[in-house]
Structures are given as structure tokens and as C-alpha cells.
Amino acid sequence: MVSVHTCIEANRVTRKFGRQTVLDNISLTVRQGEIFGLLGPSGSGKTTLVKIITGLDVPDGGEVTLLGERMPKLSMLSRIGYMAQSDALYGELSAQENLAFFASLYGLRGAGLKRRMEETAELVKLTGDLKKPVHLYSGGMKRRLSLAVALMHEPEVLVLDEPTVGIDPVLRKSIWNELESLRRGGVTILMTTHVMDEAEKCDRLAMIRDGSVIASGSPIELKSSSGTSTMEDAFVAFGGGAR
């Protein structure tokens with residue numbers, strides 16, 4: 001029997017901004033080589049949680065370990081690919097220059113850089129637009145470029161915050177095919193979404209509402225335990241309410 005290792009563990013994580021509690025005692029475990037979804041409406045705390053997991057923010061209580069290391073830890077950044085909800089790109093540079101810049105932060109140069117740039121550009125269907133300044137890109141093209149940036153250094157853990165917002169259905173399917181391929185190759189993927197059909201594609205997920213985990217498990221387990229046939233109905237049954 002193959003051993004299943006824990007890749008990410010959040011233990012009683014709490015985060016407050018002023019008097020507002022954004023994350024309330026959240027605990028969850030993500031296994032190595034799975035696609036784990038954080039499902040919840042805007043404002044539920046998903047983005048704050050992934051920032052803490054990647055070391056970009058620090059909890060007020062509790063702790064996070066990633067690949068066996070307590071976060072935040074600067075040396076772990078090279079092992080994580082992070083795609084933020086807001087595109088962190090340089091608009092005055094071309095897509096190619098953006099990819100080269102971010103890749104250089106991870107030591108990618110020469111033939112390795114060229115190979116990865118070609119591979120990631122093809123994946124997100126931007127090969128013909130690499131020399132175009134990013135400020136001329138549409139919102140969907142910027143999302144695709146942000147995903148390419150996150151993948152450039154072939155990270156062990158991929159953290160994606162609403163990765164397919166603004167992306168057309170055909171490309172969304174292509175991206176999901178690639179995510180599943182990465183998972184088969186051993187990459188652990190943590191993603192946030194509020195789209196129910198994407199939640200169905202995750203191996204396991206945690207439903208988040210008002211900064212708390214209201215349920216977790218595989219899509220089949222969650223629908224079964226709530227006595228429902230869709231993820232949306234399951235979310236409501238577990239106390240999700242109107243979205």
C-alpha cells in the first residue's frame with residue numbers, strides 16, 4: 001500500500017483584522033499529490049488562508065506547516081507556485097519579459113528558461129502573444145499569464161486563488177487537464193473557487209463560510225453525507241446559505 005504523506009497542514013489557524021475575525025480556528029490537511037479545493041463565497045476567508053499557507057501573511061493564532069516546514073519560511077518560496085487573485089504583472093513589459101523576470105528569481109536561465117517559457121506559454125495558449133505588452137492584454141489573458149508565471153519553476157506545491165476567473169470554457173477545460181496531469185506527476189495543488197463544477201473536480205475540499213470550515217471531504221462524501229445530489233445543494237445543507 002502506497003503511503004500518503006501530508007503536504008500542507010493548518011492547525012487552529014486564526015486571523016483578525018481589527019475587531020473582525022477573518023479566519024476562526026481553521027484546521028485542515030492537504031495530502032501530497034492531490035487537488036484540494038477551498039470552496040466558499042467571496043469574503044469567506046479563502047484568500048487570507050492561502051496567503052498564510054504560502055507565508056505571505058502570518059496568523060494571529062495556530063500554525064501552518066508546508067512540506068514539513070513551519071510557515072512562513074523564506075527558503076520555501078522556491079518550492080511553491082502561487083497565483084494570486086489579483087494579477088501581479090508588469091504592464092509595461094511584454095509577457096515574455098514578465099516570464100523571464102519572475103523565472104530569474106528562481107534561478108532559471110538559458111536553455112532551461114527557454115524550454116519552460118515555451119511549455120507554459122503553450123499550456124495557457126499565449127505563444128502568439130508573448131511579445132505583446134501586458135497592458136494590452138485582456139483580463140482573461142492576464143489570468144493565463146499569471147498561471148504561466150506560477151508554473152515556470154516547476155514547483156512541488158501549486159497554490160491557485162480563483163485561477164479560472166475570466167477564462168473561457170474551452171481554455172478552462174484545457175487548464176484543468178493540465179492540473180490533473182500535474183497532480184499525476186506528484187504536484188500538490190491547493191485552489192480556491194466559488195464555482196461548484198470546479199469543486200466537483202477536486203479530490204477533496206473544504207467548504208468555508210464566514211472564516212470557518214463547515215464541512216470537508218471528497219465531493220462524493222460531501223454529497224452523500226448531506227443527502228444531496230449537487231455540490232451547491234450540499235453547500236447549502238451544511239449551512240452555506242445563499243451565495
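**Figure 1. Strands β1 and β2 pair in antiparallel fashion.** In this predicted model, β1 (residues 6–17) is joined to β2 by 8 bridges. Two strands count as paired if DSSP finds at least two bridges between them; helices (H or I, at least four residues) and strands (E, at least two) are DSSP runs, numbered from the N terminus. Val13 stands opposite Ile26 in β2. The β1–β2 hairpin has 2 residues between its strands, and Gly18 in this hairpin has a positive phi near 65 degrees. Residues are numbered from 1 along each chain as its sequence is written. Local features need pLDDT of at least 70 and side-chain atom pairs count only at pLDDT 80 or more, whereas totals for chains, interfaces and linings use all residues; side-chain values use heavy atoms, with hydrogens and water left out.

**Figure 2. β1 also pairs with β4, within an open sheet of 4 strands.** The strand order is β2-β1-β4-β5, and the pairing is antiparallel. β2 (20–31) and β5 (69–71) are the edge strands, each pairing on one side only. On average, neighbouring strands of this sheet are turned by 25 degrees against each other, direction ignored. Axes are lines fitted to C-alpha atoms, for helices over the stretch in contact, and angles run from 0 to 180 degrees between N-to-C directions. Between β1 and β4 there are 5 bridges, and Asn11 has Glu63 in β4 as its bridge partner. In a regular strand the side chains alternate between the two faces of the sheet.

**Figure 3. Helix α1 packs on the sheet.** Helix α1 (residues 46–53) touches β1, β2, β4 (61–66) and β5. Contact means heavy atoms within 4.5 Å. The direction of α1 makes about 60 degrees with that of β2.

**Figure 4. The largest nonpolar core contains 47 residues.** A nonpolar core is a set of buried Ala, Val, Leu, Ile, Met, Phe, Trp, Tyr and Cys residues joined through side-chain atoms within 4.5 Å. Buried means under 20% relative accessible area, exposed over 50%, and partly exposed in between (1.4 Å probe, protein chains only). Leu158, Leu179 and Met207 touch the most other members of the core. Helix α4 (residues 139–151) gives the largest share, 7 residues. Leaving aside neighbours within four places in sequence, Leu179 is in contact with Ile35, Leu158, Leu160 and Ile189. Another core, of 24 residues, lies apart from this one; Ile52, Ile53, Met71 and Val159 are among its members.

Figure 5. Leu67 is found in the loop between β4 and β5. Leu67 is partly exposed, because its relative accessibility is 23%. Most residues other than glycine have a negative phi, and most peptide bonds are trans.

**Figure 6. Asp210 and Ser218 lie in the loops on either side of β10.** Asp210 is found in the loop between β9 (204–209) and β10. Although not a glycine, Asp210 has a positive phi of about 50 degrees. With a relative accessible area of 60%, Asp210 is exposed. Ser218 lies in the loop between β10 (212–217) and α7 (219–226). Ser218 counts as buried, because its relative accessibility is 16%. Not counting residues up to four places away in sequence, Ser218 touches Asp203 and Arg204.

Figure 7. Gly128 and Ser181 are 53 residues apart along the chain, and their C-alpha atoms are separated by 24 Å.

**Figure 8. The whole protein has 8 helices and 10 strands.** Its radius of gyration, taken over C-alpha atoms, is 18 Å, close to the 18 Å that the globule rule gives for 243 residues, so the protein is as compact as a globular protein of that length. The globule rule is 2.2 Å times the number of residues to the power 0.38. The C-alpha atoms fill a box of roughly 50 × 45 × 35 Å, taken along the principal axes. Of the 243 residues, 47% count as buried.
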